[in-house]
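Subject: Structure handover

Hello,

Here is the structure for you to look at. Please open it alongside this note. My findings follow below.

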Amino acid sequence: SLSKLQLKTGDLDPRLFSRLRHLQKLDLSDNLLDKFPNSLTLPDLRVLNCNNNKLEDVTALKQFPLLEELTYENNVYLTLNDDYKVMFLLQNLRLLNGKDITKLANHVRRVNSRKLTSKVTAHWKKFFCDQLPEKYTAEQVKSIKKKFLKSVQTNVVYGPSSLSEFTRWRVKMIAEEFLANSLGLELNSDTEPEEKTDENEEESTESPREAAEEVAQVVHIYDPLVTVTPSKRKRNHSKSSPGNKRSKTQANTEEESAEDVSAEPLHFLQCHSKGNSREDFKTQLWSCVFEPVLDSGARKDPIVSSSRTVATCGGESVCLIDCETGTVLKKYKVATEEFFSVAWTTLTMVISDSHKKAHNILAAAGRRGIVKLIHVAADFCYGEIKAHKKPIATVCFSPTQETHLFTASYDKRIALWDIGIPDCDYNFKASQLLVLETASIPLRIALVPTCPEQYLLAGCEDGCFAWNIKLDKGQKSRPFEAIFQFPGEESMTTSHRVDGLAFLNDDVVVSKSSKPGCIYLWSWSKSFDAKGKGCQRTMSAVILAELEWSTTDMSYLTLSTCPAKEYVFCGDEKGSVWMYNLSSYATAWGSPKGKRSERRISPTQILPWPELRLNGEQPPEILVNNVVADPAFTYLVVLTSVNVTAIWKKS
C-alpha cells in the first residue's frame, strides 16, 4: 500500500518497481499521479487501486497484462472513453471500478473490433485503394498513409457519440495494422508526428443516454490545401467579387496604413448541425470567445503566446475548436436549447487533497434563459443557473471578479450573478447580486475597462445605456444612469438599435447602430459625465470617427475589437469581413483635445467570402453574424447564418 503519500508520477521509480517481480496487489489511491510511467514492469500485478488521483490517460496500464481488478474512481479527467480503452487493452480484466465488465469487455474486444475493421477496410477500398500506383515510391506511401489515417479517423463512425474518442483511437490502431499487414506498409519507420483528431467528442448536458443514441459528425467542407488570397475592396464599392481570388488592390486613402493584412482561410466547419445532419445549412451561429491561456497551457499554441482554442455556439450545441488543426475538441449539446452566447472565466478550484489549481470554466446561455456552467478539462457540465424567464441575449464575466457573471435578457433586465467556486464534488452556490433595468431588450454589453466594477455599457434595441454597478450601493435593482445621443438622419437621437458594442482601448468605444453604412468610435471619458447627479440623464456621445461599412439595413451583424493590435472587425450581409487597423489614429484620439477624424475611415482590408459550395451549391445568402480574433490576432473566427464556422489565419 502506497496510499495517501502525496506521490507524483516522478516518484514511481521504474528501477525500484521493476524488481517487484511477484507483486500482485498495489494500492496507489489518494495521491497526485497524473499518469503512469511506461516501464514499471510488475509482470504479476493482478489488483490495482488508483482512486482519487489526477490521471489523464490510461493507455500505459497495458504494461500490466495480468490485471484482473482495476479501480480509478474520482480521477476527474478520465471519461467513459478511458473505460473502454482499458477493457480493450487488458484482456484479463474482470472488475472495473467494482463492476463486473466481463460481458461488455468481450463485446468491446470482439464485436466492436470486427465492425470497425470492416469499416476501415471498406473506407480504404472505396477512397484510397486506387490512389496507390502499382509501383510506388516511399514518398507516395508516406503521403497516402498520412491522408488515409486522417480520413479514416474523421469518417469512420460507430456506436454512440459519447464514445467517439475511443472509436477514433481504435480506428487509428486498426488502420495502422491494416496498412502494415495487408499492404506491407510498415508504420514504425519514418512516421509523422501524431495529429490530434478529436473531431466529434460530444457530451450531452441534458441526458447522456440521448447523446449516446446518435453519432456526431463534423463536416470539413473546405479543403485547406486550397488557398484563397483575399482581395481588398475598393472604396465605395459595395459588391464583393469572390471570383477575383488572387487580386490585391492598393490602399484607398492616404492616411490608411499601407499594410495589407495577409490572411488565408484554414478551415470551414459545419459542427453545430441540428441532429448532426449534413444537410443543415440553416442553423445560425452567434457567439465565439477564445479560451484564456492557463499557466500550464495545455492548449496553448507553442508558437504564439495566446490560446488557439475557441468556444463557439449556435443551435443546440457549444463547440470547442482548435483553430490551427480545425479539430472540434469537444461538443456539448442540449436538445431543447438554442445557444446565443458563451463566455470564459478562470477559477482556482480545489479538486482533491486540498490541491488548488486554475481551471477554465465556460458559461453558455440562450433561448431557455438558463446558464450552463461547464468545466471544460473534465468534460463536465457541473451546474446551471435559472437566470431569466426569457431568452438570454448575451453573457460576460467581470475581468476583475472571476466569479461575477452578467446576463442580459429579453426580459429587459441585466443581472449580475456570483457563480461561486465549485468544491471537489462540484457543489456550488450561485447568488444574484444586482438587477439592472433596461428600457428595451439588451443586445450587447461591455464593462468599462478603466472601472469594470463601477460602470457597465449596453447596446439595446432602443439605444445605448450606462449603469452604475458598484456593489457598495444598497440598491439591488437599478435604473440606467445615462442614455447616449448619436447623430441621426437630421439631428442627435437616442432612439436607435445598437447591435454592436465593444471597447477598442481603455477609452474608445466602438458601436454600430441603425444608421446604414456607419460604425461610430466615441470617447467614454469625454461623453460620460461621472460628476452629474441623478439617473436617466441624456448625454451626447463625443464622436471621434466614423468607419465606412456596408449600407445594409440587416440587424444583429455584430462587431468586435482586438485591443492589443487596435483592430476593429465587422462582417456583412455578403459573407465578407471588414477589418480596420486604427493604430495610426488612436494616439490623436487619446490626446486631451481628442482630435476627431473628419473623413470616414475606410476599411484597411475586406476579406471576401471564398467560392465555397455547400452540398454542391453556392448559398444564396451568407450573413456574418460575428467575427472574433484571438488577443494576438493570429486567427480570425467567422460565424455565419448558414451553419458554417470559417477560420482564417494571419500569415
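Start with one residue pair. Cysteine 562 stands opposite tyrosine 567, which lies in β33. Keep in mind that this is a predicted model.

**The open sheet**

The strands around that pair come next. β32 and strand β33 (residues 567-571) run antiparallel to each other. Four bridges join β32 and β33. Both belong to an open sheet of four strands. The order is β32-β33-β34-β35, and the pairing is antiparallel. Which strands form the edges of this sheet? They are β32 (559-562) and β35 (605-607). Each of these two pairs on one side only. On average, neighbouring strands in the sheet are turned by 20° against each other, direction ignored.

**Helices α2 and α3**

Now the helices. Helix α2 covers residues 80-89. The axes of α2 and α3 come within 9 Å of each other. They cross at roughly 80°. Angles of 65 to 115 degrees count as roughly perpendicular, so α2 and α3 are roughly perpendicular to each other. From α2, the contact uses Tyr84, Met87 and Phe88. From α3, it uses Leu104, Ala105, Val108, Arg109 and Ser113. By class, the contact of α2 with α3 has six nonpolar residues, one polar and one charged.

**Helices α3 and α4**

Helix α3 (residues 102-128) also meets helix α4 (residues 138-155). Their axes come within 11 Å and cross at roughly 125°. That angle makes α3 oblique to α4. The crossing of α3 and α4 is right-handed. Which residues make the contact? On α3 they are Val120, His123, Trp124 and Phe128. On α4 they are Ile144, Lys147, Phe148, Ser151, Val152 and Asn155. Sorted by class, the contact of α3 with α4 has six nonpolar, three polar and one charged residues.

What is the make-up of the chain over residues 385-419 in the model? The chain there is 57% strand and 0% helix. The end C-alpha atoms of this stretch are 8 Å apart.

**To recap**

- Sheet: four strands in antiparallel pairing, with β32 and β35 at the edges.
- α2 and α3: axes within 9 Å, crossing at roughly 80°.
- α3 and α4: axes within 11 Å, with a right-handed crossing.

Best wishes

Methods: Residues numbered from 1 in each chain as written. Predicted model: local features only at pLDDT ≥ 70, side-chain atom pairs only at ≥ 80, totals over all residues. Heavy atoms only, no water. Axes fitted to C-alpha atoms, helices over the stretch in contact; angles between N-to-C directions. Parallel < 35°, antiparallel > 145°, perpendicular 65-115°, else oblique. Left-handed = near helix turned anticlockwise from the far one by under 90°. Contact = heavy atoms within 4.5 Å. Nonpolar A, V, L, I, M, F, W, Y, C, P; charged D, E, K, R; others polar. Pairing = 2+ DSSP bridges.
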